[in-house]
Each structure stands twice: as C-alpha cells, then as structure tokens.
Amino acid sequence: MCGIVGYTGINQVLPKLLKGLEKLEYRGYDSAGVYVNNGVNEDFLVREQGRVSMLELATKNKGISGTAGIAHTRWATHGGVSVKNAHPHMSSDGRFYLVHNGVIENYDVLRDTYLKDIKLNSETDTEIAVQLIDKFAKEEELSAVDAFRKMISLLDENSAYGFLLMDRQTPGLLYTAKKKSPLLIGVAEEGNVVTSDAAAMLDVTNDFIELMDGETAIISKDKVSLFDEHGVEIVREPFTINIDASETDKGVYPYYMLKEVDEQAVVARTLSQHYFDEEGHIKNIDSQITEAIKKADRIYIVAAGTSYHAGLVGKRYFEQWTGIPTEVHIASEFAYDQPLLSNKPFFIFLSQSGETADSREVLDNIVKQGYPSLTIANVMNSTLTREADFALPILAGPEIAVASTKAYTAQVIVEAILAYAVGDADIDLKHELARVAVEMQVIIDQKEVFNDIAKTALHNRHSAFYIGRGLDAAVAVEAALKLKEISYVQTEGFAAGELKHGTISLIEEGTPVFALLTQEKTAGLVRGEIAQVAARGAKTIVLASESIAKENDDYILPNVNELLMPLLAVIPAQLIAYYATLDRGLDVDRPRNLAKSVTVQ
Ligand code: M6R
C-alpha cells in the first residue's frame with residue numbers, strides 16, 4: 001500500500017507532487033506528506049493527517065518553492081494514523097528525508113542493534129531506515145548512496161520496500177531502491193520522476209523505466225543511473241505506457257466508482273475486439289497458453305477479494321467448457337496452507353492491480369515448485385504479470401475507486417474467453433458478449449431505479465443479505481462485498497440454501513434480503529427461500545432475469561446466455577452499493593481503513 005511520487009527537473013515541484021498524490025490516494029489515505037528542496041539551502045517538510053486535500057491546504061502560504069521533492073500518501077502498517085507517523089521521515093539532524101512503501105520486518109532488531117542512542121520521533125519502521133542511513137553516512141563517512149545501500153543490506157529477506165530518498169547535501173538528486181513494492185522511473189525533457197504507479201505522473205511523461213527487485217538508482221533532472229544489486233551500473237531502455245492522463249480523471253462524474261460502473265459496457269466491447277477477430281475466432285491468446293492449460297489435469301485460480309469472486313464465476317466456464325476440474329482459492333490462505341495439488345496443476349492468478357501481496361506470495365511459492373502460471377490482470381507490467389509464465393490483460397483502463405467494479409466484469413469476461421479458447425463451448429461467445437454489452441448499458445441507464453431501491457431498502461439499516469444459488473451465489477458474495485465495503489452496512493452473501501442452516505435466525509422485521517434469480521434450474525428453490533425469509537419479516541428485493549421474473553419482482557434483468565448472467569446481475573448490486581453509500585453521506589471512492597492496492601500481507 002502507500003503511494004510514492006518524486007520529481008527532479010526544471011519546473012516547480014510542489015504542484016506536480018500534490019497532483020501525483022491525488023492520483024495515488026487510492027493506495028492509502030490516512031496521512032500524506034511532502035518534502036521539497038529549493039537547491040539553495042532552503043527546504044520544506046509538510047505532513048498532515050487525513051486526505052491529500054488537507055496536505056494541500058497545509059502547504060498554502062508557506063512560500064514552498066523548489067524543483068526537486070518527494071511525497072507520500074500512507075496506509076498505516078507500523079504505527080497509528082498521526083502526523084508524526086506520516087512520511088517523509090527525517091533523520092535526526094535533518095539531513096535525510098525518506099518515503100517508503102512496504103514493511104521492514106526486522107525493524108525492531110535494527111533499532112535495538114544500531115539506534116539505541118537515537119531519539120526516535122515516530123513509531124514507524126521507515127524512520128529506522130532513515131536514521132540508519134544518517135548514522136552510516138556520518139560514522140562511516142559513506143556517501144548518501146553507499147549509506148542507503150548499507151541500510152538496505154541489513155533488511156531481512158521478508159522485508160519489502162519501495163524507497164525514495166533525498167539528501168540535503170545533494171538537493172537535486174533522488175535516490176531510489178525497490179524490492180517487492182512497485183517503483184517506476186519516468187523520463188522526460190523537463191525532468192525525471194519516480195512513482196509507485198505510472199498513473200500518478202502521466203502529466204509529466206508516458207515513458208518509464210522499470211526498477212527491478214534489488215536495484216537502486218540515482219536520478220537527477222537530466223540523468224538516470226541504474227545499478228544492479230551489486231552496485232554495478234546497468235542500462236535499461238524506457239517503455240511507453242499508452243494511457244492518456246485524462247483516463248485517470250473523474251471527468252464529469254462525482255465519483256470514480258460511478259464512472260467505472262458506467263464504463264463496463266465499453267470495456268466488454270473492447271475485450272471482444274481485442275480477443276476475437278471478425279469471424280469470431282480467438283486472437284491475442286498465445287497458443288502456448290491454451291496448450292499449457294490443455295495439458296493440465298486441474299486448474300487452480302488464486303486471487304483475493306473481488307478478484308477471488310470473479311474466480312468463483314470463472315470456475316464454471318473452465319469446468320463446463322474445458323472439462324478440466326477447477327478450484328478457486330483465497331490467496332492469503334493458499335500461501336500458508338497449500339492444499340494437496342493434482343499431478344499437473346495450472347495456476348491462474350486474477351488481479352486488478354497485479355501487485356496484491358497475498359497473491360504474489362502464492363506465485364512465488366508455485367514458481368519455486370516449478371508449476372506453470374498465467375496472470376490475468378488490469379495493470380500489465382505489474383509484478384504478478386511479470387513473474388507468471390504468461391499474462392493476459394483485462395483492458396479495463398485505470399480503476400481508481402477502491403471498490404472494484406469494471407475489473408470484476410472484465411476478469412469474468414477474460415476467463416470466459418480463455419475457457420472458450422481452450423475448450424469447445426457450444427455457443428458463439430463473440431455474439432453473446434455483444435449482447436451482454438448492450439444489456440449492460442440498458443441496466444446502467446436505469447440508475448434511478450437502484451437509487452430508489454437503495455433508499456427504500458437500506459436507509460438506516462445496519463445489516464443486509466444477498467442470496468442466490470449456483471452462479472447467483474457467486475455473484476451474491478461480490479454484491480455483499482460491494483455494499484459492505486463502502487456503505488458499512490454489514491452484508492452477507494449467501495448460497496440461498498444455506499440460510500435455513502443457521503443464518504435465518506438473523507432475519508428480523510425489515511432486514512433487507514436481496515435475492516438474485518437468474519438461473520432457471522434453481523429459480524423455484526430460491527423463490528421458496530425468498531418466501532421463508534419474507535415470512536419472518538424480511539424486506540425482500542428480488543432481482544430476476546426476464547425469463548424467470550414474476551409480477552411484483554423489484555427489477556427485471558434482461559436475458560442473455562445464462563452462464564453470462566453474472567455480468568449483468570452484478571451491476572444493480574454495484575449501483576445499489578453506490579447509492580446506499582451516497583445516502584449515508586460517505587465517501588464512495590475512499591472507504592475507511594481500505595486501500596486500493598493491498599501490497600502488504
Ligand atoms: O488488485 P487485486 O484485484 O489483486 O486486489 C484484490 C482485492 O484487494 C480487491 O479485489 C478488493 O477486494 C476490491 N478492491 C474490493 O472492491
């Protein structure tokens with residue numbers, strides 16, 4: 001978690017850093033800070049608890065001027081949410097300033113071994129790192145970069161870091177290093193940047209050099225020097241990221257989430273164009289991928305959160321269309337409790353960010369065991385896409401709201417396309433997806449219906465349920481996550497048949513129970529379950545597909561191929577969550593305690 005941005009160039013740095021931080025707020029937003037050096041012996045450190053907008057206010061009227069600086073937005077790991085724990089952290093004598101993304105696992109040992117005499121100003125692991133740099137520079141008369149490297153050499157193997165350092169004695173230089181946490185160096189005519197996410201610096205450049213684990217770099221306004229883990233200088237060409245800076249703006253929307261929900265039909269069409277040719281044959285999926293999957297006797301889908309939920313839907317496509325048994329696993333569980341594997345497993349990692357630490361841990365483990373893997377992700381060039389054998393993009397465009405929406409539907413679509421490419425489904429998937437895109441738009445255009453449902457069913461309610469069977473049960477867990485994570489209404493997603501085995505005791509007068517009914521085979525049973533909760537006072541809200549719907553159902557979903565109904569059924573749930581959250585006056589895009597990209601385990 002945490003967002004890092006730095007710039008050294010010919011222009012004023014503060015506006016660039018603040019703008020970059022705004023774009024990075026999705027990575028954490030409990031405090032933020034900035035350090036600027038004007039190159040002629042004046043520097044500025046400002047840190048604030050709360051959002052980047054608070055930091056922006058705090059920097060006003062301070063006469064901050066300078067063309068080099070670093071900044072950070074934090075998601076607390078070591079130490080509570082406070083100004084003193086906000087980054088950048090400063091060495092005691094005010095010489096070094098450091099921002100950090102990651103966790104230093106052995107920070108307490110380092111503190112007790114090396115820093116007994118130093119008065120620490122924060123509870124963070126990061127301050128230990130900057131104090132160590134200062135100590136080594138002073139006591140061993142090391143240059144900034146050598147002191148930086150010495151500090152890094154003391155971190156234990158479980159530590160993760162993206163570091164960005166400035167030294168008052170070399171005001172125009174940025175020092176950076178990374179292991180397990182993403183960092184990119186951006187190059188431009190006007191200067192160079194360092195960032196944990198390219199999206200934050202697209203106003204400056206689209207050309208980035210990837211920093212690999214163990215490497216360090218020294219960056220000035222007109223030069224980037226890259227060093228391998230032994231300190232030997234290396235050369236790496238930049239690559240271009242083809243994202244327009246405007247894609248990461250909210251545009252006319254009040255919240256990113258609404259924009260991203262709205263984009264789903266376009267993303268579905270983009271995916272069709274990318275993965276199908278005119279005749280409906282698959283393209284852009286290397287035959288090495290399909291061949292590797294065909295050789296497998298079992299597919300293991302590994303992911304977290306919403307991506308895990310997309311896996312629950314995808315399992316059906318792989319099993320039905322390829323005939324290969326498929327298991328879906330929560331990454332954080334799999335990582336430390338690996339199940340007994342089949343003889344020829346094939347691993348599929350699903351991830352929006354491609355940086356989720358829990359999934360990375362599993363990928364690390366299975367690479368060591370020599371198993372083949374594919375990552376399906378939104379952010380290509382991310383760790384999970386780089387470190388798996390194969391990667392496929394979901395082409396959803398930047399997803400900024402913490403609540404994942406378009407990445408979910410895009411992941412489900414790519415899973416369907418991949419299963420279709422491997423197996424022999426008896427449908428024209430290109431044609432079916434075209435219908436899905438049309439019907440997605442129909443649902444999206446009926447926002448007011450969901451606004452009304454959210455207000456009537458959820459106003460002042462503290463708990464809710466989503467129920468369904470089969471694929472609807474898979475969507476129910478995602479629907480529940482959407483509602484609970486942003487509106488804070490405690491919501492459970494349930495296989496409808498399970499209710500009577502315990503949970504039905506929670507139903508009381510007015511408890512909202514949303515029922516998803518898109519699967520013909522089990523529709524009658526779910527109708528029975530709806531009646532059972534209604535008889536106990538629940539306020540039922542029935543979202544049924546056209547062919548199953550009855551008079552008085554609350555929303556009729558257009559019909560598409562039943563296997564693809566999750567792509568439609570999830571949209572009302574996303575919009576109900578959005579409007580319930582608005583109704584409560586909460587920040588839709590930035591729910592408390594969360595961050596978009598979960599880069600710590
Ligand atoms: O980037 P990833 O898809 O790997 O992230 C996994 C989860 O953290 C993520 O899906 C999370 O559950 C969503 N932001 C919730 O809406």
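**View 1. Domain 1 and domain 3 bury about 610 Å² between them.** Carbon and sulfur atoms account for 47% of that area. Three residues, Tyr26, Tyr29 and Arg51, supply 68% of what domain 1 buries against domain 3. The model shown here is predicted.

**View 2. The chain is assigned three domains: domain 1 (3-247), domain 2 (250-443) and domain 3 (446-596).** The contact between domain 1 and domain 3 draws 7 residues from domain 1 and 7 residues from domain 3. The C-alpha centres of these two domains lie 43 Å apart.

**View 3. A salt bridge joins arginine 51 and aspartate 587.** Their closest N and O atoms are 2.6 Å apart. Across the interface of domain 1 and domain 3, the count is 1 salt bridge.

**View 4. Polar contacts link domain 1 and domain 3 in 3 residue pairs, both residues at pLDDT 80 or more.** On the side of domain 1 that touches domain 3, the residues divide into 3 nonpolar, 1 polar and 3 charged.

**View 5. Tyrosine 317 and tryptophan 321 form a stacked aromatic pair.** The whole structure holds 16 aromatic pairs, by the search made here. In this one, the rings are 5.2 Å apart, centre to centre.

Technical notes: Residues numbered from 1 in each chain as written. Predicted model: local features only at pLDDT ≥ 70, side-chain atom pairs only at ≥ 80, totals over all residues. Heavy atoms only, no water. Domains from an automatic or database assignment. Contact = heavy atoms within 4.5 Å. Buried area = accessible area lost by both parts, 1.4 Å probe. Salt bridge = Lys/Arg side-chain N within 4 Å of Asp/Glu carboxyl O. Polar contact = N/O pair within 3.5 Å; in protein donor to acceptor, adjacent residues only side chain to side chain. Nonpolar A, V, L, I, M, F, W, Y, C, P; charged D, E, K, R; others polar. Phe/Tyr/Trp six-rings, centres within 6.5 Å; stacked < 30°, edge-to-face > 60°.
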